[in-house]
Amino acid sequence: MNTKYLDLLAQKYDSEEKVVTEIINLEAILNLPKGTEHFVSDLHGEYQAFQHVLRNGSGKVKEKIKDLFEEVLSEQEINEFAALVYYPEEKIQLIKNSFDNEKELNGWYTEMIERMIKLISYASSKYTRSKLRKALPDQFVYIIEELLYKTEDFQNREPYYSSIVQQIISLGQADKLIIGLAYTTQRLVVDHLHVVGDIYDRGPEPDKIMEALINYHSVDIQWGNHDVLWIGAFAGSKVCLANIIRICARYNNLDIIEDVYGINLRPLLNLAERYYEDNPVFRPKSQGDENLSKEEQLQITKIHQAIAMIQFKLESPIIKRRPTFDMSERLLLEKVDYDKNEITLHGNTYPLENTCFATVNTLQPDQLLEEEEQVLDKLLFSVQHSEKLARHMNFLMKKGSLYLKYNGNLLIHGCIPLDELGNMEKMEIESKTYAGRELLDIFEHYLRHAFAHPEETDDLATDMVWYLWTGQYSSLFGKREMTTFERYFIKDKATHKERKNPYYHLREEEETCSKILAEFDLDPDQGHIINGHTPVKEINGENPIKANGKMIVIDGGFSKAYQSTTGIAGYTLLYNSYGMQLVAHKHFQSKEDVLLNGTDVLSVKRLVDKELERKKVLETNVGEELLQEVSILNRLMEYRYVK
Ligand SMILES: O=P(O)(O)OC[C@H]1O[C@](O)(COP(=O)(O)O)[C@@H](O)[C@@H]1O
Ligand SMILES: [Mn+2]
């Protein structure tokens, strides 16, 4: 190693003792049990349900509470205490309202602080003191450490302990301390979070999920097809932009565009008012909890049509300028017989219904009206100048990737495109063919390029982001074609079917999964593939654990819109030093329900894998990095200090 680096490093470790201390510290960490990884996917804007899972660590918080207090507390007390750990601010408020004298309240404070300290001590047992310190609320580090390291054996420390607690209460700091302790517990229970794609679309609050992730202590994201759609819009793809607005209109979520991201929809509304009427298939989907007036519903229905037609028009030129996308079947507006109001697809002719072709020039159907172009330009300008969206998209880029290899597992939202025989599908891009891992790498390369060049709207990189949303060899889409047009305008449901890539049945077989793991240089005997994207229909007996445990699909449907098909409200996965556990969540009612009734829809666990020996940090990705640090420090030791 270049001695310059060692000299630089010596500035930080400027004494033999400092190097030795750090080596010992790192070696100690390497021998601790590995931290808990938490996997979630397909959040689809369902912030309330997501934050609950985040706060309860998919049941881990309650498990720890039970380990400690099952013998001494009733089930109701355990539930109440768990609710305090999940939502400390709100729970404290409720409790305060329920006591009518200060003495009772102080008794409650004392008891809760004691329980919280015990819980933290237990939850942090596999961490170093320094790591625990970093997780503590800044203003209380000293006090909490005093409370934590009071051991039960020293009876005479008892008065000291209770005097600290009483002081905290009388100084009016108890609420803050309890809140801080609750968040510390949440943070200790899960070491690292993986979001296996699809934060955006369908549900109402993707922005709040993004904020929660930005504030989370340790997270990575594997982009989903819906996430890249938003990235694409921000990166200058007009067709991606049309799609996100269309989906928001469809799910009655235009507030996200207008109020949350501050994008002015007025020009689009004006255009929509001019050309469109009511149309049953474009009415917003009801999510069950909104009160739309007739006028509002009509407005959204019009916007929905206006933006859908813009989307269809925008698709054509891309398909034409990118023959290797192999999407000519999707030149739909050109396949329409406008006189007969029918369309011929794959040799079959179907009548069209509920059409809204008022802006279509039948001689050149993909031509945008000048006013449509103007609307689009304004929308794109607004999107690219939304500060909040910029912050969220930058975070998605920084923490995200198309796939991730982590602790021997392969995390990917959709699929690895395969042919019927299980070979990796090839795609030609700029006269070169790519398959498997190389294909995913080149996709990611283009996506990053598009993001770095938001001023380019029609280049290959920008078009490629749209391909990732809808192309047949996209690792995020994984279907032959997206039948949006058919679902709006053709009655025959056979045309709505989106044929899945063979991956989706081949992944049931261990051999396929092993082959894919090997393609990514992962050990097929140890590794797993973790997928989101396709709702697991537990209702129909589908098992999320496939291929003899090599494949785990964790999209159980946080998305309310999909819960009737899945029968549950999402899967999450936990991977700690003892192995992997799959958690199935029941429908999440509301935060209020948890607070008032202590109902914490506790989840069924299925063991995916059990380690014979507890896994240590040494055997993880983080461990690898720490080992490298140790080896560098050893070199520094020899170079600088050992005579
Ligand atoms: O349920 P909707 O809103 O009609 O959307 C259906 C579309 O969503 C997709 O399923 C993609 O979304 P997912 O990634 O959530 O599956 C498309 O394949 C399909 O065309
Ligand atoms: Mn998806």
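This is a predicted model: local features need pLDDT of at least 70, side-chain atom pairs count only at pLDDT 80 or more; totals for chains, interfaces and linings use all residues.

Entry 1, domains. I looked up the spacing of domain 1 and domain 3: their C-alpha centres are 51 Å apart. Domain 1 covers 3–28 + 627–641, domain 2 covers 58–191 and domain 3 covers 206–488; the bounds come from an automatic or database domain assignment.

Residues are numbered from 1 along each chain as written, chains are lettered from A and ligands numbered from 1 in written order, and side-chain values use heavy atoms, without hydrogens and water. The average pLDDT (the predictor's confidence in each residue, from 0 to 100) is 93, and 97% of the residues score at least 70. I noted ipTM 0.95 and pTM 0.94.

I found F81 in helix α5, residues 75–86 (helices are DSSP runs of H or I, at least four residues, numbered from the N terminus). F81 counts as buried because its relative accessibility is 1% (buried is under 20% relative accessible area, 1.4 Å probe, protein chains only). Beyond neighbours within four places in sequence, F81 contacts I65, F69, M112, R115, M116 and L119 (heavy atoms within 4.5 Å). From F81 to L148 I read 19 Å, C-alpha to C-alpha, across 67 residues of sequence.

Notes. Helices (H or I, at least four residues) and strands (E, at least two) are DSSP runs, numbered from the N terminus. Buried means under 20% relative accessible area, exposed over 50%, partly exposed in between (1.4 Å probe, protein chains only).
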